[in-house]
Amino acid sequence: MFYRPTFEKAFYRIMLQGWKRMSSEAQDLVRQGVALAQSTDGLFCGRGDKEDLYYTFFGLLLSLMPGMKINRKTCRHALDSIDLHSLDLVHCCAFFRSQRILHPFTWKLKYDISYLHSLPATAYPHGDSEAPYSRFLRDMLLNDCGEKITLPDLHEYRLPNGLYSNLKNQTIYNVNATAAAVFLLPDELQQQTLHALSAEQAEDGSFGGNLLSTAVALFALQTYQTHARFSAKGYLQECLRENGFFAPTPDAPEGDLEYT
């Protein structure tokens, strides 16, 4: 059993750093975009302007930035009406983390985090509770809540070069699986994976051809003090849209809460 550095504190800190680097005009656009993305019922909207628990988590993350104004009361009511037992792992984690943002001191009185251990295999991505991304989602949340987590055995997902897939015994790696694995690996395996991941960065600063993969890869590298080969600033700027949101790729027309 072991503890890892608190993920959510590191994530908030790096978001705040990014926020401070944005111009005041860009900050105002993001504030407006976040406010408009919240529906009258309280949840935040994803693609297609549909209310979505997953996007609500990202909306609430952004609401922690200075000067953000959202309707927290309606969001609390909307979340409290959701049946936790109807959710898969991804949405279950979004639910718990959203509750932690809205009820930082009292949420544990209402919800038992150990519920995550009772989720069936069908609730996990690819139906696999041991894949790097699945273990990352579950174990980092448990760790953030003060629960000890067990060291996973990820050797079936590991490629010879130290990169990872979310499927067993693969020959092609996945950026998100590799970044997730970094947070779960013992020290003797972690360094090889960090350096292998850094080597996959494209010259434009991106990873995996999209902003989400780029973000998680850079976050993993920075968390464990490994330098990226190239600056991603230009790539980020190409993904910024006029409404203050970031798009998944430079040629995608619209941005959303998740990528922002």
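**How much of helix α7 is buried?**

How many of the 13 residues of helix α7 are buried? The count is 12 of 13, so α7 is largely enclosed by the rest of the structure; buried means under 20% relative accessible area, exposed over 50% and partly exposed in between, with a 1.4 Å probe and protein chains only. This is a predicted model, in which local features need pLDDT of at least 70 and side-chain atom pairs count only at pLDDT 80 or more, while totals for chains, interfaces and linings use all residues. Residues are numbered from 1 along each chain as its sequence is written, and side-chain values use heavy atoms, with hydrogens and water left out.

**Helix α7**

Helices are DSSP runs of H or I with at least four residues, and strands are runs of E with at least two, numbered from the N terminus. Helix α7 covers residues 132-144 and reaches 17 Å from its first C-alpha to its last, close to the 18 Å expected at 1.5 Å a residue. The expected span is 1.5 Å times one less than the number of residues.

The buried residues of α7 include Phe-136, Leu-137, Met-140, Leu-141 and Leu-142, and also Arg-135, Arg-138, Asp-139 and Asp-144. They pack against α1, α5 (89-102) and α8, where contact means heavy atoms within 4.5 Å. After α7 comes Gly-146, with a positive phi near 85 degrees.

**Helix α2 and Val-34**

Ala-26, Gln-27, Val-30, Gly-33, Val-34 and Ala-37 are its buried residues. Seen down the axis of α2, these fall within an arc of 125 degrees, so they line one face of the helix; the arc is that of the directions from the helix axis to the C-beta atoms. An α-helix has 3.6 residues a turn, so residues three or four places apart point the same way. The face turned away from the buried side of α2 carries the exposed residues Glu-25 and Leu-36. The cover over the buried residues of α2 includes α1 (7-21) and α3 (53-63).

Val-34, which lies in α2, counts as buried at 1% relative accessibility. Leaving aside residues up to four places away in sequence, Val-34 touches Phe-44, Gly-59, Leu-62, Met-68, Ile-70, Phe-245 and Leu-257.

**Helices α3 and α5**

The axes of α3 and α5 are 9 Å apart and meet at an angle of about 30 degrees. Axes are lines fitted to C-alpha atoms, for helices over the stretch in contact, and angles run from 0 to 180 degrees between N-to-C directions. The crossing is left-handed, that is, the near helix is turned anticlockwise from the far one by less than a right angle.

Among the residues that meet are Leu-53, Phe-57 and Leu-61 in α3 and Val-90, Phe-95 and Ile-101 in α5. By class, the contact of α3 with α5 has 10 nonpolar, 3 polar and 1 charged residues. Ala, Val, Leu, Ile, Met, Phe, Trp, Tyr, Cys and Pro count as nonpolar, Asp, Glu, Lys and Arg as charged, and the others, Gly among them, as polar.

**Helices α8 and α9**

The axes of α8 (residues 175-182) and α9 (residues 187-198) come within 10 Å and cross at roughly 145 degrees. Thr-178, Ala-179 and Val-182 of α8 make the contact with Gln-190, Thr-193, Leu-194 and Leu-197 of α9.

Thr-193 of α9 counts as buried at 0% relative accessibility.
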